[in-house]
Amino acid sequence: MRALLSGLVLLFVALIATGTAAQAGAPNPCPRPASGSEVSRPADITAKNGVLKANLSYYTAMDDSGHTLFCYVSDKGDEAPTLRVNPGDTIKLNLTNMIPPLPGGPTTRMSNASDVCGSADMTQGSINFHFHGTNTTPKCHGDNVIRTLINPGESFQFKLTIPEDEPPGLYWYHHHVHSLSEAALLGGASGLIEVIGIENLQPEVSGLPERMLILRDQPPSPPATRGVTPPPSNDVSVNYVPVLYPDYRPSVIKTQVGTKEFWRVANASANTVFDVQIKYDGKAQPLEIVALDGVVAGSQDGTRQGKTFMAKDVMLGPGNRVEFIVTMPGAEVSNAQFVTKEVDTGHYGDRDPDRPLAKIEATAAPVDLPRMPKATKPAAKQRFEGLADAKVTAERTLYFSEVGSNFFITVDGQDPELFDPNNPPAIVTKIGAVEDWTIQNRVNDEHIFHIHQIHFLVEEVNGVAVPKKKQQFYDTYPVGAWSGTGDYPSIKVRMDFRGGIAGDFVYHCHILGHEDHGMMAIIRVKAK
């Protein structure tokens, strides 16, 4: 099936090129700003009376450089709107696939009659929708990426409820059809989800201007524009404003001199690792970290109140989010920048160089951003409470490996297998379980571990224990490249299956070029 799926991707790219050429002069449904543009805030769709209702259409187009674009567009014409929900709200989302079909194109059967969700057959234009980081149901019409297929011309209704004890913070959504996800993310098929109420756990953000930033990547510049220095594996963008090799002309963030702002940053790239930093006249600025991967820092120690900590930079693998408070530059600062530092992803990994992301322009004018509300109620119970001290019911070791262009994530003791939705689950557990997983990287490029439906607590990195007071919850975490000798790089994480989620879902490398080539597997959580 691997060869067929690769063929589907190539045919799909050809389809887009042909279809776009045939529609020359037609409006671009996925318009993107020019390099050097000011960063604009995404539009919002906010839940009302406990329900978020949204109609999104999925489009594709081609830009002037020949890059294939993908986008989710609301019925108001807004691209990649932020979905804003409260804990306990229900999302009712209607998604329509507007990709042009390829008559007679190849298909592959992905589901049997008993487990079909949408369409049973995958085509070169199939899509779905992943509610990344949310602790929601993996059943059909929920956050189900194994079976959900929406083919060209079809609509599909999602209906899922955000748990009452979901941590308030930043989450995101994206395309997640296996073997097509990398191309979709490189084309921009992603947006933000905000679970409202972070000010109740961390009142320090109350009243601050709120800035929503989504970092993406895209295919590298055409060879004709290549410069002297080695090019990055992918170009990047900030809220769709491209930062292109070789000039790296940054986007523009306009702000007010000396004010504090609350920045909420998601790495929605397919493959690129960012190490984000804010520098004033070359000096790294302190970032007051409020939340990581949607979970308020320090809020799981029984007090339910967040405890910020300081950092000069934050590593964000594909899928990670960070939320922090930062003071904007004073009038004496002549060069203020939001940058990413160079990231070493291993000998066979991608090249993610040091480059600017945005130029920060501060003036005396008030900033045109919404302000965070004041705390309205005491911090509520969250779903992960007490996990650090819970009784462990199972321990497992998993590892990343590669053979040629095939990528694997394997439970130690099992045979490596490429992902197939019809594979039996690699792991079977049950509601109420608490498991410690050690995840190793046995190859010389970095991998990013991600599991759907739950978060995990990071206990050790490369065999070194993380002090209990510094342990944080994540849904995505990097495992560094192996040097070829010595111990394998590893993380040890505590998995929390004590919630009410049952069913089949996946874990995988969130470098989507790796996931698309097989580095994903199924876990089954049985009801009691």
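## A walk from Asp293 through the predicted model

Asp293 sits in the loop between β21 and β22, where strands (E, at least two residues) and helices (H or I, at least four) are DSSP runs numbered from the N terminus. This is a predicted model, in which local features need pLDDT of at least 70 and side-chain atom pairs count only at pLDDT 80 or more, whereas totals for chains, interfaces and linings use all residues. Residues are numbered from 1 along each chain as its sequence is written, and side-chain values use heavy atoms, with hydrogens and water left out.

The backbone of Asp293 has a positive phi of about 50°, although the residue is not a glycine. Most residues other than glycine have a negative phi, and most peptide bonds are trans. Asp293 is also buried, because its relative accessible area is 1% and buried means under 20% (exposed means over 50%, partly exposed in between, with a 1.4 Å probe and protein chains only). Asn49 likewise has a positive phi, of about 55°, and is not a glycine; it belongs to the loop between β1 (44–46) and β2 (51–62). With a relative accessibility of 83%, however, Asn49 counts as exposed.

From Asp293 the reader can pass to His455, whose side chain reaches the backbone oxygen of Asp293 at 2.9 Å. The side chain of His455 also makes a polar contact, at 3.5 Å, with the side chain of Asp475; such a contact is a pair of N or O atoms within 3.5 Å, of which, within protein, one must be able to donate a hydrogen and the other to accept it, and residues adjacent in sequence count only if both atoms are side-chain atoms. His455 lies in the loop between β34 (447–451) and β35, and it is buried, since its relative accessible area is 0%. Apart from neighbours within four places in sequence, the contacts of His455 (heavy atoms within 4.5 Å) include Gly133, Tyr171, Phe384, Phe473 and Arg494.

The most comes from β38, with four residues. On a 1 Å grid over the protein atoms alone, a pocket is an open set of points with protein on both sides within 12 Å along at least five of seven lines, a cavity is a set of points where a 1.4 Å probe fits but cannot get out, and lining residues have an atom within 4 Å of a point. The largest pocket holds about 1,100 Å³ of space, a volume being the space filled by probe spheres set on grid points that are joined across faces, edges and corners. Its lining has 48 residues, and Val466, Lys470, Gln471, Gln472 and Tyr474 lie nearest the centre. These 48 lining residues divide into 25 nonpolar, 12 polar and 11 charged, with Ala, Val, Leu, Ile, Met, Phe, Trp, Tyr, Cys and Pro counted as nonpolar, Asp, Glu, Lys and Arg as charged, and the others, Gly among them, as polar.

The largest cavity has a volume of about 80 Å³, and its lining includes Met110, Asn128, His178, Phe419 and Met520. That lining comprises eight nonpolar residues, three polar and no charged.

Strand β41 (residues 520–526) runs parallel to β32, to which four bridges join it; strands pair if DSSP finds at least two bridges between them. The bridge partner of Ile427 in β41 is Ile523, and Ile427 and Thr429 form the covered face of β32 (residues 427–430), while Val428 and Lys430 form the uncovered one.

The peptide bond from Tyr245 to Pro246 is cis, with omega near 5°, and Pro246 lies between β16 (241–243) and β17 (251–256). Tyr245 is in turn one of the contacts of Pro232, a residue of the loop between β14 (210–218) and β15 (235–238) that counts as buried because its relative accessibility is 5%. Pro81, in the loop between β3 (68–74) and β4 (82–85), is buried at a relative accessible area of 1%; it stands 109 residues from Ser190 in sequence but 9.2 Å away in space, C-alpha to C-alpha.
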